[in-house]
Amino acid sequence: MGVLTDLHEGDHRLTRWVASWRSDCARRVLPAVEETAEHTKLWWGAAVALSAAGWRGRRAAIAGLSSMAVAELASNCVLKHVWNRRRPPKEWISHEEVDDRPDSPSFPSGHTAAGVAFSVAVASVWPWAGAVCAVPAVAVAAERVHTGAHYPSDVAVGAAVGVTAAALVGRAPRLALRLLR
């Protein structure tokens, strides 16, 4: 029971710290990140931009979108319903964005899972482009905690779901070939 208590305390301290960010950068960048990340618009836009960069970009976009779909399915359609975790308490968030949170379960962060899955999959095809995609993925993860939509542990597990989805999608063709032999 001590581990769960420690996790809850860590979530509490880290959520309060991230939610208290008052810099101009946080006030300008994080709301824009939230808006573009809604309904995966950010990642679809990145896929379009990648596709315009030739065959390697198209391959990276397909890998990213496929991995994102698997991550969203796992996080939003399976895991959120297995663990019906409530959002962080409003008292932990020191600003007004706390009133504009989703009603769905908190665990894990689907936004983070999608962003990490997309970025990792793109990086497996085109490392430079994956590194560029990782920057907004990290910003999305921070925004989810800053607005009180998620606990840091939700974001961490969302990232793990994203990495796992990208790994599974990346291995799928080789696994299919093995099965066909």
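Predicted model: local features only at pLDDT ≥ 70, side-chain atom pairs only at ≥ 80, totals over all residues.
I shall return to Trp83 later in the talk.

First, the overall architecture. The protein contains 7 helices and 0 strands, so that, by the DSSP assignment of helices and strands, the order along the sequence reads α-α-α-α-α-α-α. The protein has 181 residues, of which 43% are buried. The accessible surface comes to about 10,100 Å², and carbon and sulfur atoms supply 66% of that area. As for the contacts between residues at least 6 apart in sequence, 79% of them join residues at least 24 apart.

I turn now to the interior. As a general remark, in soluble globular proteins nonpolar side chains tend to be buried together. In this model, the largest nonpolar core comprises 23 residues, and those with the most contacts inside it are Trp43, Leu50, Ala60, Phe118 and Val122. Five helices each supply at least two residues of this core: α2 (24–37), α3 (41–51), α4, α5 and α6 (127–146). Apart from this core lies another, of 6 residues, including Leu79, Ala113, Val161 and Ala165.

Which residues does Phe118 touch, leaving aside those up to four places away in sequence? The list consists of Trp43, Ala46, Ala47, Leu50, Ala61, Gly64, Leu65 and Cys133.

The contact between Phe118 and Trp43 brings me to the aromatic rings. A search of the whole structure finds 3 aromatic pairs, and I shall describe two of them. Trp43 and Phe118 form a tilted pair, with 5.4 Å from centre to centre and 35 degrees between the planes. Trp43 belongs to helix α3 and Phe118 to helix α5, so the pair ties together parts that are 75 residues apart in sequence. Both Trp43 and Phe118 are buried.

The other pair that I wish to show is formed by Trp83 and Phe107; it is edge-to-face, with 5.5 Å between the centres and 75 degrees between the planes. Here both residues lie in the loop between α4 and α5, and the pair therefore ties together parts that are 24 residues apart in sequence. Are the two partners buried or partly exposed? Phe107 is buried, because its relative accessible area is 15%. Trp83 has 47% relative accessibility and so counts as partly exposed.

Next, the charged side chains. In general, side chains of opposite charge can pair when their charged atoms come close. The whole structure contains 2 salt bridges. One joins the side chains of Asp154 and Arg85, at 2.7 Å from N to O. What is the burial state of Asp154? Its relative accessibility is 0%, and Asp154 therefore counts as buried. Arg85, at 24% relative accessibility, counts as partly exposed.

Glu143 and Arg144 form a salt bridge too, with the closest N and O atoms 3.4 Å apart. Glu143 is buried, with a relative accessible area of 1%. Arg144 is likewise buried, with a relative accessible area of 2%.

Finally, I would draw attention to Thr112, a residue of helix α5. Thr112 has 2% relative accessibility and so counts as buried. Where residues up to four places away in sequence are not counted, Thr112 touches Val140, Ala141, Arg144, Val155, Gly158 and Ala159. Arg144, one of these neighbours, is the salt-bridge partner of Glu143. The C-alpha atoms of Thr112 and Glu143 are separated by 9.7 Å, while the two residues are 31 residues apart along the chain.

Methods
Residues numbered from 1 in each chain as written. Heavy atoms only, no water. Core = buried A, V, L, I, M, F, W, Y, C linked by side-chain atoms within 4.5 Å. Buried < 20%, exposed > 50% of the residue type's maximum accessible area, 1.4 Å probe, protein only. Helix = DSSP H or I, 4+ residues; strand = E, 2+ residues; numbered from the N terminus. Contact = heavy atoms within 4.5 Å. Areas by Shrake-Rupley, 256 points an atom, 1.4 Å probe, with all protein chains shown as cover. Salt bridge = Lys/Arg side-chain N within 4 Å of Asp/Glu carboxyl O. Phe/Tyr/Trp six-rings, centres within 6.5 Å; stacked < 30°, edge-to-face > 60°.
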